[in-house]
Amino acid sequence: MQLITADPRSLKDNPDRSRQSKSSPQSDALLCASIRAIGVVQPPIVKLDPEGGNSYIIVFGHRRAAQAIAADLAEIPLLLADPSDDLGAMQSFAENIAREPLNPVDQWRAIERLVALGWTEESIAMALALPSRQIRKLRLLANILPAMLDQMARGDMPNEQQLRTIAAAGQDEQAEVWKKYKPKKQDPQVSWWEVARALTTTRMLAEHASFGDDLAQAYGITWVEDLFAPADEDSRYTTDVEAFLGAQQEWLANNLPKRGSVIEANEYGQAKLPAKAQQVYGKPGKGDLTGWYINARDGSVQSVAYRMPEAKKPKLVKDADGVETVIDEVEVKVRPDITQKGLDMIGDLRTDALHEALSRAPIEDDTLMALLILAFTGTNVSIASGASDNPYGHAKCGPHAARLIGEDGKLSFDRETLLQAARSVLIEVLSLRRNRSDSGLIARIAGDAIGADQFLPNMANEDFLSCLSRNALEAAAETAGVPGRIKVKDTRVALVEHFAEGTLVHPAALLAPSTDDVRSWVGRYIGVDSGSEDAADDPNTLEDQLSGGDLVDHSAAEEEAGEGFREAAE
């Protein structure tokens, strides 16, 4: 090849070049800035125009030539290929894909070499079209232990936060930690998070400092800039925790506001309020106090509003001579009639009696229905309801059950009120919405039992029909006797017009479930045999016994309950 110079505007593009897609404006701007600063480092390769003349065709370097024109360069160096050179498609392809950027360690070493030759950080950044901050960050690798640098050069790099922590530590500290965490033959990867954790030191950020430069100088605080922090933040910090907290404490003592007091903070950074004080979470009132404290975790000055209880007025007692005497009222703790353990025992006894009465006592049908409604309002019952517009709402059965209670606090109702309450509770509980309120198969069984299908609305509308596939839409049209159309949109319009005075109910919307699904659901709860395939659903399986549950003879319990129900019915 021969080195020549030529005007980049006289070069012709190669129509057979490999890189056909346009590069991003950002990368072109970076390349143009680099060419303006240091010129074209790698000359483009050109060849003579086969059609004759003195013009050249670019083989490699279209972007370099284009950005040289953008940089207003009159001439650029070129490498003229010999006519015998085979500059085919494979070579062009390999030249474009075999590029790989330098890793950060190699970039840092190259920057240090340029600095040794007299380049400044600003000139390097301008020549490489990189921010000056990026150059300073790479130069921070000079603080990394050489053994760690060698490991990073192999491609085993820590993340930015870990690298920041390691670079902030001294060489001696890094050497001690590296002895423990350096890679082993069986595990060549370094656990950088453990290295960073071992070298972590407590930092106090300047952005959390309330004091000024005068107190910083008085306490000997020297700020260090964290070059790895975001550019738009105050990245200064100090590791002298005691001096930082001392300066904060002095500033707080000199700037304590009116009705403010200094309080302590616990190890978690939370304020310790005075005894009997109540924290004010809203807007403080005129009589409220403010406690100021220093968060030990980040050293920031924080405040909390609190309210002290009103002091009790002293009680005055007059003696026979009319002299008033102040008597301090002392609260005397009186033991309650029943202890907490006694209340727990009463709760157990009440529950056993309630369950026994429900299984054996005679109960009228209307009363039984009312009790079932009351059960849905228990504090131990939480039902995701589909009756509310809020998908995370809960069933509100209380207002319906309250209609069944008389003024004397006992069940008192007429049959019409009972039936209305039962319907309302069922509406609150049963749902087939496709969210957390879905009751599942039982709601479909209930809806089939009461004929809910006849209340389904006309589904021949654009909103629903647009949800059907072409095959499903054509099947619905064929069932309705509507001729299909070539376009799906026309078929939907024809169905809407056909059912303008009628009702279209898609088969998938019918509530009645399949017989197999119902039998499968019933089989989970009735006739469970420990030796059958559904033994896993048996509540008295080996897994239940191993999990700590008591072994219960369900057959005996069911037989006993059955006798009680029969006795109550008689």
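User: How do you know how confident the predictor is in the chain as a whole?

Analyst: The mean pLDDT of the chain is 80. Of its residues, 83% reach 70 or more.

User: What makes residues 529-558 a part to treat with caution?

Analyst: Over residues 529-558, pLDDT stays under 50, on a scale that runs from 0 to 100. The model has 18 contacts beyond four places in sequence for these residues. Where pLDDT is low, predicted coordinates should not be read in detail.

User: Why is Ser34 called buried?

Analyst: Ser34 has 17% relative accessibility, and buried means under 20%. Ser34 therefore counts as buried. The residue is found in helix H1, residues 25-38. Leaving out residues up to four places away in sequence, Ser34 touches Gly39 and Ala127.

User: Why is Arg203 called partly exposed?

Analyst: The relative accessibility of Arg203 is 24%. Buried requires a value under 20% and exposed a value over 50%. Because 24% lies in between, Arg203 counts as partly exposed.

User: Where is Arg203, and which residues is it in contact with?

Analyst: Arg203 sits in the loop between helix H10 (192-198) and strand E6 (204-205). Apart from neighbours within four places in sequence, Arg203 is in contact with Arg164, Ala168, Asp226, Tyr237 and Thr238; contact here means heavy atoms within 4.5 Å. The C-alpha atoms of Arg203 and Thr239 are separated by 4.9 Å, with the two residues 36 residues apart along the chain.

User: What makes up the lining of the second largest pocket: which classes of residue, and how many of each?

Analyst: The lining divides into 11 nonpolar, 3 polar and 2 charged residues. Leu, Ile and Ala count as nonpolar. The pocket holds about 660 Å³ of space.

User: How much of the chain counts as buried, and how much area does the chain expose?

Analyst: Of the 570 residues, 27% count as buried, that is, under 20% relative accessible area. The chain exposes about 38800 Å², and carbon and sulfur atoms supply 52% of that area.

User: How many helices and strands are there in the chain, and what share of contacts joins residues 24 or more positions apart?

Analyst: There are 23 helices and 14 strands. Among contacts with a separation of 6 or more, 65% are between residues 24 or more positions apart.

Terms used
Residues are numbered from 1 along each chain as its sequence is written. This is a predicted model: local features need pLDDT of at least 70, side-chain atom pairs count only at pLDDT 80 or more; totals for chains, interfaces and linings use all residues. Side-chain values use heavy atoms; hydrogens and water are left out. On a 1 Å grid over the protein atoms alone, a cavity is a set of points where a 1.4 Å probe fits but cannot get out, and a pocket is an open set with protein on both sides within 12 Å along at least five of seven lines; lining residues have an atom within 4 Å of a point. Grid points are joined across faces, edges and corners, and a volume is the space filled by probe spheres set on the points. Helices (H or I, at least four residues) and strands (E, at least two) are DSSP runs, numbered from the N terminus. Buried means under 20% relative accessible area, exposed over 50%, partly exposed in between (1.4 Å probe, protein chains only). Accessible areas come from the Shrake-Rupley method with a 1.4 Å probe; for residues, only the protein chains shown count as cover.
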